[in-house]
Amino acid sequence: RYVRGCARRTRTRRRAGHGREPRARPEPDEDRYEPFRLTDVQHAYLMGSSGDYPLSGVNTHYYTEFDGRGLDVPRLYEALCRLVRRHEMLRAVASPDGTQRVLPEVPPVPMPLADLRTADPGHVAARLDRIRAEMSHQTFPAGAWPLLDVRVSMLPDGVTRVHVSVDLLVVDLWSLRILSRDWRALYERPDAALPPPGISFRQYLSAVKPDANAAARDYWLNRLDSLPPGPDLPLRRLPDATEIPRFHRRAAQLEQARWDTLRERATERGLTPSRCCWPRTRRCWARGAGGPGSPSTCRPSTAGRPPGHRGGHR
């Protein structure tokens with residue numbers, strides 16, 4: 001019933017023209033580095049990093065590691081510097097007044113190097129554990145550049161490990177794919193001239209009006225008092241008693257055949273696979289919150305880039 005209802009609402013919204021956004025218009029170069037508004041999601045990230053709420057004081061950020069053999073570290077660093085020059089939001093900072101701005105010039109981005117090629121295995125493991133513990137729960141001051149941290153560890157047997165930590169205040173998950181692709185291209189082809197990114201994030205926001213979703217916002221605000229609370233999940237301790245929260249990712253996988261079937265059926269109904277998985281997630285939460293009959297409310301985050309903005313995918 002949930003999937004059929006979602007598909008029906010999606011078709012209705014498409015026929016009504018919902019989700020259409022105006023094209024971004026180029027803005028004068030002299031305004032390029034002026035402050036501009038934060039999005040609602042960016043505001044939420046700043047509130048979550050403030051430490052003013054239970055389980056806050058933590059940045060929403062992304063951390064990963066990758067290994068390579070025969071990696072040219074100076075070449076990798078030059079590609080990183082070019083990447084920062086190419087993508088403006090890698091030079092962005094946020095202010096307490098609810099605005100952000102792109103810095104026109106920044107110093108070379110740091111990329112510390114740890115040479116562990118001749119170290120004994122125990123020392124190598126301990127050093128890598130320390131780096132991971134520090135970077136995986138990193139907190140970046142929103143108003144201070146840079147909002148990313150890249151480090152390199154040179155390991156025995158010719159392996160080079162690259163540690164990357166980025167504050168999601170200035171990039172989203174789709175942007176991370178773009179940054180990864182461009183960094184690799186700039187490393188593999190140092191003389192290559194990549195296509196220009198197109199519109200800036202500031203230009204993109206200028207085309208997405210703050211009141212574009214006013215009707216939807218008013219609808220849910222009017223329903224707040226009638227909605228059930230969030231899932232009453234069993235807790236080991238009260239959130240107020242946790243001084244330094246630590247977050248861990250839990251994951252499970254579907255067999256390829258089942259995933260392909262799910263995607264095919266979701267596409268037929270105009271839905272994303274993640275939306276089809278949502279009822280199963282809610283049932284799992286309900287089991288811990290007192291049984292399937294216990295109503296609860298949860299707001300999943302969404303991501304989307306309205307079509308029609310030339311270069312918006314870059």
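Biologist: Which residues of the largest nonpolar core touch the most other members?

Modeller: In this predicted model, the largest nonpolar core has 43 residues, and those touching the most other members are Leu 80, Leu 83, Val 150, Val 152, Val 162, Val 171 and Trp 183. At least two residues each are supplied by α3 (73-86), β3, β6 (148-154), β7 (159-167), α5 (173-188) and α6 (201-207). The largest share, seven residues, comes from α3.

Biologist: What does Val 162 touch, not counting residues up to four places away in sequence?

Modeller: Val 162 touches Thr 64, Glu 65, Phe 66, Leu 71, Leu 76, Val 150, Arg 151, Val 152 and Trp 183. A second, separate core has six residues, among them Ala 114, Val 124, Leu 155 and Val 159.

Biologist: At what angle do α3 and α5 pack?

Modeller: In general, two packed helices are described by the angle between their axes and the distance between the axes. Here α3 and α5 pack at about 130°, and their axes are 8 Å apart. The helix α3 is therefore oblique to α5. Their crossing is right-handed. Among the residues of α3 that meet α5 are Leu 80 and Leu 83, while those on the α5 side include Leu 179 and Trp 183.

Biologist: In what order do the three strands of the open sheet stand?

Modeller: Strands of a sheet pair through backbone hydrogen bonds, either parallel or antiparallel. In this sheet the order is β1-β4-β3, with antiparallel pairing. Because β1 (36-37) and β3 (92-94) stand at the edges with a single partner strand each, one side of each has no neighbour in the sheet. Two bridges join β1 to β4 (residues 99-102), and Phe 36 stands opposite Gln 100 in β4.

Technical notes
Residues are numbered from 1 along each chain as its sequence is written. This is a predicted model: local features need pLDDT of at least 70, side-chain atom pairs count only at pLDDT 80 or more; totals for chains, interfaces and linings use all residues. Side-chain values use heavy atoms; hydrogens and water are left out. Two strands pair if DSSP finds at least two bridges between them. Helices (H or I, at least four residues) and strands (E, at least two) are DSSP runs, numbered from the N terminus. A nonpolar core is a set of buried Ala, Val, Leu, Ile, Met, Phe, Trp, Tyr and Cys residues joined through side-chain atoms within 4.5 Å. Buried means under 20% relative accessible area, exposed over 50%, partly exposed in between (1.4 Å probe, protein chains only). Contact means heavy atoms within 4.5 Å. Axes are lines fitted to C-alpha atoms, for helices over the stretch in contact, and angles run from 0 to 180 degrees between N-to-C directions. Angles under 35 degrees count as roughly parallel, over 145 as roughly antiparallel, 65 to 115 as roughly perpendicular and the rest as oblique. A crossing is left-handed if the near helix is turned anticlockwise from the far one by less than a right angle, and right-handed if clockwise.
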